[in-house]
Amino acid sequence: MTSLSSSEPERYSSPEITEVGKGGEVVVVSRLDKKSNAVQDKYADEVLRFMEENAADAVPLTEEEEKKLRHKNFTYILAVAIIVTLVLFMDKATIGYTTILGIYIDTDVDKGRFNNLNSVFYGGYLLAQWPGHYLLQKLPVGKYMAGTVLSWAILVGLHAACNSYASLMVIRFFLGAVEAVAVPAMEMTLGMFLTSREREIAQPVFWTASAMAPVISSFIAFGLLHVHVSIQPWRIFMAVNAGISLLLAIFVWFFYPDNPAKATHLSTNEKVHLIKKVQESTKSSIEQKVFKKHQAIECLKDPVSWLFFFQAFTLMLANSMTYQQNQLFVDIGVTTFGSSLVSAAGGGFSVVLFGVSALLIRRFPGQSGYFSASYLVPCIIVAIGMVTIPWDNKIALLTCMILLNFKGVAYIVALGWTTSSCSGYTKKLYRNVMFMLAYGVANIISPQLWNPKDSPRYYPSWIVQIVIAFFLNLVILLTIRIILARRNAKRRAWIAENGTEGAFGYVINHDDDGREIKEKVDVAMLDLTDYENKYFIYPL
């Protein structure tokens, strides 16, 4: 049998290499343990101990029980993720509604400074990526998320106490920092609990929450515009959102799971079957709490990581539309009352888009790259419309702005594809870091493209979006798919030649007397990267 470490163009040398034992089995040799010459249990999957203690006693599931487990787990994880994402995006968008709720009246913020408030948020977001991902790997995911939500609840509430541009800049910076790893944490959670197929379908459904957020926020803003009190409505708006986030922090503490082995919504028997199903689907580990330097290096050397980096960067140059749209509605001639309703309509349209996308992905599996790229075509068309349609044709301009929500679907499909297209827990985390760094840098730049002197048509901003954010992004997505498809062709040929008999390996641990024990485990338990594990098939 050919060794899993046999040469191929996509494989790089690393401190941890893969070899084949006498029976064709996979053995991971690591410089981290020269004495044992095999991977120690602490470098294996985090759920390994749980499986060793419970897998042998697991009772087989009937077809009906398996279907019930799949539905229960999918519904629970998706519900928790949707609730967290809904409130997260309500909080992220709060600053956008302050322009129609009076922030220009009782602070020294103007249009130029408002753009800086958006940029500084992503400055904090950018700087917190590495320490945030480090803590995400070291701490229980559920408790990390609860602390994150509590922190952002406090910071959103502090907005209401700010009276100056300087104080708002400070609060916005720290809000960006605490929210920096919330989305990656939820993406990692989806990867722990869902098979590759389930995750493809879950992505657009999960992200309907981001589309629902402006619908809810718009109606809250609309209601506050009719409230006549001594303070400006934007302060009440911030306080309301802070209260909602505080309730969410309590919910997350009790109901957000760390990993399948610790999930409270599953029985022990269900946990065993779920872990087996996910690992069989992904050929990858569930979770790993030890940082693996060679996986981080491999992530940086993998060209696909950099393509996803530039995909995030280019697309997010258009992201400031989320915060600028209410101001643009007013510039077009919509009243402040009307702008909140138009924003709600845009959010409703996005919800429909996400729902249709989920149905299409379910009907046509393995087409994430094509779907994500196709959603950018209408974005190119309507962005051209924004610079060519006469300014007095308000209905056409507002329609174009609502149709730009297609870009959100392209983003969420690509975001899930970023980590599902690699394995090795540390490699996944660091690909997430790269993606979010690009996301942060682009979102610092994006608000500055909307220079007040270019108002109301903002030709330079629209040109950047047409050429870079949409067209170039489409090319990058198709390039990623071509590369992964070629890798899959090589892997399937290798598997056809060598079979699947070697899809297991060994983990070294010690008994109570200190004697070394070598345990045979599925290859997914070894926490190998996609380069090290030829049984890993890339989702397309």
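Trainee: How many aromatic pairs does the count come to?
Mentor: This is a predicted model, where local features need pLDDT of at least 70 and side-chain atom pairs count only at 80 or more, while totals for chains, interfaces and linings use all residues. Residues are numbered from 1 along each chain as its sequence is written, and side-chain values use heavy atoms, without hydrogens and water. Rings of Phe, Tyr and Trp (its six-membered ring) pair if their centres lie within 6.5 Å; planes under 30 degrees apart count as stacked, over 60 as edge-to-face and the rest as tilted. By this rule, the number of aromatic pairs is 21.

Trainee: What kind of aromatic pair do phenylalanine 173 and phenylalanine 174 form?
Mentor: Their centres are 5.4 Å apart. The angle between the planes is 85°, so the pair is edge-to-face.

Trainee: Is lysine 428 buried or exposed?
Mentor: Lysine 428 is found in helix α22, residues 425-445 (helices are DSSP runs of H or I, at least four residues, numbered from the N terminus). Buried means under 20% relative accessible area, exposed over 50%, partly exposed in between, with a 1.4 Å probe and protein chains only. Lysine 428 has 10% relative accessibility, so it counts as buried.

Trainee: Over the ring of which residue does the charged end of lysine 427 sit?
Mentor: The rule asks for NZ of Lys or CZ of Arg within 6 Å of the ring centre and within 35 degrees of the ring normal. The charged end of lysine 427 is 4.3 Å from the centre of the ring of tyrosine 531.

Conventions
Helices (H or I, at least four residues) and strands (E, at least two) are DSSP runs, numbered from the N terminus.
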